[in-house]
Amino acid sequence: TQTFNVGVTTVTYIAEDGSGNKTTCSFTVSVTETVLPTIACPANKTEKADKDKCYAKNVNLGNPIVSDNCGVASVTNNAPSQFPVGNTIVTWTVTDNSGNTKTCLQTITVVDDQDPDIKCPKDIMVSTAPNSCTATVVLGGPQTSDNCGVAPGYPTNDHPLPNYPVGTTEVTWTVKDVNGNIKTCKQKVTVE
């Protein structure tokens, strides 16, 4: 019994008679390695979005655990340079010295915990019309922004009617971003 390495080995036999005459023959032994390497992905990770961004950069993915009976040639992944808010699946691939490959999957979750920005319109002071106890007021609109975008339908306020009574009414403006974060500001409307 002989042991042959992975690859092609040429075996030569020599026969010699009692007079010293020799003859040879050769044949090849091909050993193919089909055992797949093993890979265990790093744990799934949750990261916060970078400040004022809707993605995370420089995420430390960790390292997979790999092995193979004939040696590992390479370990690669398809991770992007920046991960958007939400889930991104990273595929890790190990290749052994015989070209066999195996993959595993790692999930990177990026969350947006940054509140949107809102700047209310200026406070308003008006007088009632003659013989009236209310005034019609145009509030204007707040300035809003967010790292991932303001949700459709926002900003809103809690006083949608244009008529305001005598006295001071506090109007609360609300903005919500596309990931559900909310922020408010207040505008005063004074009617004399």
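In what sense do β12 and strand β18 (residues 182-191) pair, and over how many bridges? The two strands pair in the parallel sense, over three bridges; two strands count as paired if DSSP finds at least two bridges between them. Strands are DSSP runs (E, at least two residues), numbered from the N terminus. The structure is a predicted model, in which local features need pLDDT of at least 70 and side-chain atom pairs count only at pLDDT 80 or more, while totals for chains, interfaces and linings use all residues. Residues are numbered from 1 along each chain as its sequence is written, and side-chain values use heavy atoms, with hydrogens and water left out.

The loop between β14 (143-145) and β15 contains Pro155. The peptide bond that joins Tyr154 and Pro155 is cis, with omega at about 10°.

Strand β4 (residues 45-48) runs parallel to β10 and is joined to it by four bridges, and Lys45 has Ile108 of β10 as its bridge partner. Strand β9 (residues 86-96), by contrast, pairs with β10 in the antiparallel sense over ten bridges. In this pairing, Thr95 stands opposite Thr101. A hairpin is formed by β9 and β10, with four residues between them, and Gly99 in the turn has a positive phi of about 90°.

Positive phi values also occur outside glycine. Asp52, in the loop between β4 and β5 (55-57), has a positive phi of about 65° although it is not a glycine. Its relative accessible area is 54%, and Asp52 is therefore exposed (buried means under 20% relative accessible area, exposed over 50%, and partly exposed in between, with a 1.4 Å probe and protein chains only). Asn131, in the loop between β12 and β13 (134-136), has a positive phi near 60°. Asn131 counts as exposed because its relative accessibility is 88%.

Glu33 is located in the loop between β2 and β3 (38-40). This residue is buried yet has no salt bridge, and the nearest side chain of opposite charge, that of Lys102, is 12 Å away. A salt bridge requires a side-chain nitrogen of Lys or Arg within 4 Å of a carboxyl oxygen of Asp or Glu; Lys and Arg count as positive and Asp and Glu as negative, with His and the chain ends not counted. The side chains of Glu33 and Ser98 are joined by a polar contact of 3.0 Å (a pair of N or O atoms within 3.5 Å; within protein, one must be able to donate a hydrogen and the other to accept it, and residues adjacent in sequence count only if both atoms are side-chain atoms). A polar atom of the Glu33 side chain also lies 3.2 Å from the backbone nitrogen of Val35.
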